[in-house]
Amino acid sequence: MNIMSYQNQAEGFVKRYLLADPLLPYTSVLTGIFLCKMVYDLTDSFSFIHIKSYSAVTKMKRIEWNNRGISTVHAIFISLMSLYFVFFSDFFSNQTTLQGLMVFRSSPLSNFGLGVSVGYFVADLGMIIWLYPSLGGFEYIFHHSLSGVAVAYSLFSGEAQLYTYMVLISELTTPSINLRWYLDTAGLKRSKAYLINGVAIFLAWLTARILLFIYLFYHVYMHYDQVVEMNTFGYLLVFVVPTALSVMNLMWFGKIVKGLKKTLEKRQ
């Protein structure tokens, strides 16, 4: 009976405080930061036990190895959330008129997903700055800062969450990018898996970071009458963030194409 009583009290505390609408954004951000730490430690433990090449690399390589574990798990989580809200859920659909304008809709689930993502960007940006430039140069700081501010604004204001999730679908490319680094670090750069992964990166990047952004701009154009109703800062973010990220995506895509071309030429 005492166990059931404590369980009921715990559930009541979670629902009343941690998952209450006013506190949910803050709770979800802290959850994201906590999960980053947990995934980092789990990646370290798992790799040390099951991957022989892990113990042979330098300390900084191991830190980056575990950091990429965090980004991979976040990418899988937020990509699934984004795909659900953008393509499978009717929550942001024009057919759903009871919720008001599409650009002002938010829900506990959509807030939670964005909050976890903000927590990730905060944790990862902190690691990048602390260990600069070992985990990435200025372009990574710029990318994470821009993305983190945009996602945080959408979370706390409740504006443009659909467009935020559209942009976050681009995280679909992260697992294959990280796998490429893992294969290279493990000395498998000449393996068939490395070649297949390179093709997967090309296709994923073309779909999630080029074509999808074209669709995003088209969607904004078709719903401009709603976008213009947003706060000035949110209105600017809808145009500035996707545009800046599109430029970076095109630059990186050029490098991906060159790298894949070199890999294919070596195979001939």
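**Note on nonpolar packing and aromatic pairs**

1. Leu109 is in contact (heavy atoms within 4.5 Å) with Met81, Tyr84, Phe85 and Tyr165, leaving aside neighbours within four places in sequence. This is a predicted model, in which local features need pLDDT of at least 70 and side-chain atom pairs count only at pLDDT 80 or more, while totals for chains, interfaces and linings use all residues. Residues are numbered from 1 along each chain as its sequence is written, and side-chain values use heavy atoms, with hydrogens and water left out.

2. Leu109 lies in helix α4; helices (H or I, at least four residues) are DSSP runs numbered from the N terminus. Between the C-alpha atoms of Leu109 and Met81 there are 9.1 Å, and along the chain the two are 28 residues apart. Leu109 counts as partly exposed because its relative accessibility is 43% (buried is under 20% relative accessible area, exposed over 50%, partly exposed in between, with a 1.4 Å probe and protein chains only).

3. Tyr165 touches Ile78, Met81, Ser82, Phe85, Val86, Leu109, Ser110, Gly113 and Leu114, not counting residues up to four places away in sequence. Tyr165 is also one of the residues that touch the most other members of the largest nonpolar core, along with Tyr163, Leu168, Val227, Val238 and Leu245. That core has 49 residues; a nonpolar core is a set of buried Ala, Val, Leu, Ile, Met, Phe, Trp, Tyr and Cys residues joined through side-chain atoms within 4.5 Å.

4. Two or more residues of this core come from each of α2 (24-50), α3 (59-88), α4 (108-130), α5 (138-157), α6 (161-168), α8 (192-222) and α10 (232-267). Helix α5 provides the largest share, seven residues. Apart from this core lies another, of five residues, including Trp205, Ile210, Phe253 and Ile256.

5. Thr164 is placed in helix α6. With a relative accessible area of 12%, Thr164 is buried. Residues touched by Thr164 are Leu114, Val151 and Ser154, not counting those up to four places away in sequence.

6. The whole structure holds 18 aromatic pairs. Rings of Phe, Tyr and Trp (its six-membered ring) pair if their centres lie within 6.5 Å; planes under 30 degrees apart count as stacked, over 60 as edge-to-face and the rest as tilted. Tyr84 and Phe85 are edge-to-face, because their ring centres are 5.1 Å apart with planes at 65 degrees. Tyr84 is partly exposed at 38% relative accessibility, whereas Phe85 is buried at 3%.

7. Trp205 and Trp252 also form an edge-to-face pair, with centres 6.1 Å apart and planes at 85 degrees. This pair links distant parts of the chain, with Trp205 in helix α8 and Trp252 in helix α10, 47 residues apart. Trp205 is buried at 5% relative accessibility; Trp252 is partly exposed at 22%.

8. One aromatic cluster is formed by Tyr84, Phe85, Phe91, Phe92 and Tyr165.

9. On the surface, Tyr84, Phe87, Phe88, Leu109, Tyr215, Tyr218, Tyr221 and Met222 make up a nonpolar patch with about 940 Å² of accessible area together. Such a patch joins nonpolar side chains (Val, Leu, Ile, Met, Phe, Trp, Tyr) within 5 Å, from residues with over 30% relative accessible area and no salt bridge (a side-chain nitrogen of Lys or Arg within 4 Å of a carboxyl oxygen of Asp or Glu). Accessible areas come from the Shrake-Rupley method with a 1.4 Å probe. Helices α3 and α8 each give two or more residues to the patch, and α8 has the largest share, four. Phe88 lies in α3 and is exposed, at 65% relative accessibility.

Technical notes
Patch = residues over 30% accessible without salt bridge, like charges linked within 9 Å, V, L, I, M, F, W, Y side chains within 5 Å.
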